[in-house]
Structure formats: structure tokens, C-alpha cells
Amino acid sequence: MRAFDQFQQGKTFNANQLHFMKQIIDHVCRNGIVEVDALYDSPFTSRAPSGPEDLFTDDEVDEIVSIVKEIKATAVATDDVA
């Protein structure tokens, strides 16, 4: 969430943009990571049928992709052995 907080800082996003970012955060919380390719599939395409480019500028899309890649690069696998 911190990475996306920094991304949003000083910007005003509309409801669809905020929903898209929340979907990314929710996906990461559930799955640990999100693949960049997934941003072009359901459920992300519910508000952005052609991907994040439908909602964000090219520079913002580059920033989102960078954040997603950083999350994946710094993810730590855990063993859920109960």
C-alpha cells in the first residue's frame, strides 16, 4: 500500500482509477504478488477493458508497472505449515 500511496501523492484520481489501484492492492494481499500481465485480464479489465492505459497516462502506467515489479522482486515466500 505504501508504494501506491507514494504513487498517488499529489495527484487527483477519479473513482475508476482508485478502484483499479485498490484491485491491485487487494490482489497482492490475497496472492502475495501480481503479474504485470494480470493487469490486462479480469478482474482488472472490468473498469479498464484494454488495461491500465484506459485509465492512466503512459507515464503513470510505467510507474504502476514499476511498482508491481518491485513488489514481486521484494516478495518473500513463506511456508504456511500449521
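**Exercise 1.** Which residues do ring pairs link into a cluster?

*Solution.* The model is predicted: local features need pLDDT of at least 70, side-chain atom pairs count only at pLDDT 80 or more, and totals for chains, interfaces and linings use all residues. Residues are numbered from 1 along each chain as its sequence is written, and side-chain values use heavy atoms, without hydrogens and water.

Step 1. Rings of Phe, Tyr and Trp (its six-membered ring) pair if their centres lie within 6.5 Å; planes under 30 degrees apart are stacked, over 60 edge-to-face, and the rest tilted. This rule gives six aromatic pairs.

Step 2. One of them joins F4 and F7, edge-to-face, with 6.4 Å from centre to centre and 85° between the planes.

Step 3. The cluster linked by ring pairs consists of F4, F7, F13, F20, F44 and F56.

**Exercise 2.** Where do F4 and F7 lie, and are they buried or exposed?

*Solution.* Step 1. Helices (H or I, at least four residues) and strands (E, at least two) are DSSP runs, numbered from the N terminus. F4 and F7 belong to helix 1 (residues 2–8), three residues apart, about one turn of the helix.

Step 2. Both F4 and F7 are buried, where buried means under 20% relative accessible area, exposed over 50%, and partly exposed in between (1.4 Å probe, protein chains only). In the protein chain, 32% of the 82 residues are buried.

**Exercise 3.** How many helices and strands does the protein chain have?

*Solution.* Step 1. The protein chain has three helices and zero strands.

Step 2. From the N terminus, the order is α-α-α.
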